[in-house]
Amino acid sequence: MPLPASLPSFDDIPPVPGMPEGTAWSVWGAGDQLGALNLLTPANTRLAVREVQSGTRVQLDWSMDKPRWPSFGRMQFAHRVLFKPQSAQDEVHYNTQSSTQWDGFKHVAHADPGEERGRVFYQGLPMDDVREEKDTLRNGIHHWVEAGGIAGRGILLDWYRWHALTRPGVPHPSPVTSHGIPVSELDAVAAFQGTPLRRGDILLVRSGFTKWYNDASDEERKRGVAENGFQFIGLAPGRETKRWIWDNHFAAVAGDTVAFERAPPALPCIPVLCRCCSRSAHRRSPAPAQDSP
């Protein structure tokens with residue numbers, strides 16, 4: 001859809017009846033399938049290309065078999081090789097909430113507390129319609145691909161490194177505890193790195209979770225990921241975080257932890273990413289700096 005001439009501040013987003021504060025569906029227009037990915041335009045892609053200096057390519061995904069013991073009892077990654085007389089083929093089975101993934105607009109539905117029916121996804125798509133296969137294409141991630149994919153100016157806010165360098169002697173919060181990173185500290189990281197935040201950026205936040213996982217023993221990994229009551233580091237949930245994400249007008253947000261926000265979040269904070277501001281949440285990335293302080 002054509003971008004609005006201007007985007008409202010978080011406090012001025014037109015309310016959507018029955019939805020939490022900050023629901024930005026009307027900003028993008030009825031029937032929209034992209035949310036804030038609409039901010040990935042040819043113009044800001046060209047600006048991003050101008051910043052390329054070394055041309056170094058960087059891997060952002062995690063191995064498909066990690067974590068070995070997923071949370072919530074999800075199935076483990078399974079892989080086998082099938083052989084034919086003149087070829088070999090791979091067969092894999094996995095839960096899409098493992099390894100690295102984007103949370104689509106049909107991942108988490110909103111409902112008022114206590115309601116079991118009437119849940120809705122982005123732009124009011126009823127969860128019942130999806131469950132009953134009445135509308136299987138609406139809100140699918142294939143719309144993102146057809147719009148050109150997720151490519152733009154990516155910025156890494158390396159909170160883990162900032163914490164280590166600016167707070168010597170202060171223990172780093174364990175990534176397998178429910179520690180919330182305030183957005184004021186992300187502003188401090190950006191200033192420390194000299195990284196300007198621009199409209200349409202793809203935000204990557206490094207918390208240190210993947211470093212912890214790679215350094216941990218199998219026993220620590222199983223206990224920390226599958227048996228810790230789903231407690232993980234992430235952005236502190238709340239209105240301040242929602243306002244910061246929206247008012248910076250990121251096209252998408254990503255992180256190297258199990259959920260972009262702290263887990264478990266205090267409801268109604270999940271809508272920060274999946275429904276209200278219509279951002280896409282990316283998890284267990286970036287990889288570029290995960291093994292350095």
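**Salt bridges**

Author: E219 forms a salt bridge with R223, with the closest N and O atoms 3.5 Å apart. A salt bridge here is a side-chain nitrogen of Lys or Arg within 4 Å of a carboxyl oxygen of Asp or Glu. This is a predicted model: local features need pLDDT of at least 70, side-chain atom pairs count only at pLDDT 80 or more, and totals for chains, interfaces and linings use all residues. Residues are numbered from 1 along each chain as its sequence is written, and side-chain values use heavy atoms, leaving out hydrogens and water.

Reader: How are E219 and R223 separated in helix α8?
Author: By about one helical turn, because they are four residues apart in α8, residues 218–226. Helices (H or I, at least four residues) and strands (E, at least two) are DSSP runs, numbered from the N terminus.

Reader: Is E219 buried or exposed?
Author: E219 is exposed, at 59% relative accessible area. R223 is partly exposed, at 42%. Buried means under 20%, exposed over 50%, partly exposed in between (1.4 Å probe, protein chains only).

Reader: What about D158 and R206?
Author: Their side chains meet in a salt bridge, 3.1 Å from N to O. The pair links distant parts of the chain, 48 residues apart. D158 lies in the loop between β4 (154–157) and α5 (159–166), and R206 in the loop between β6 and α7 (209–215). D158 is buried at 5%, and R206 is buried at 1%.

Reader: New topic. How many salt bridges does the structure hold?
Author: It holds 15.

Reader: Which residues are linked in a network?
Author: D11, E21, R239 and R243 are linked by salt bridges.
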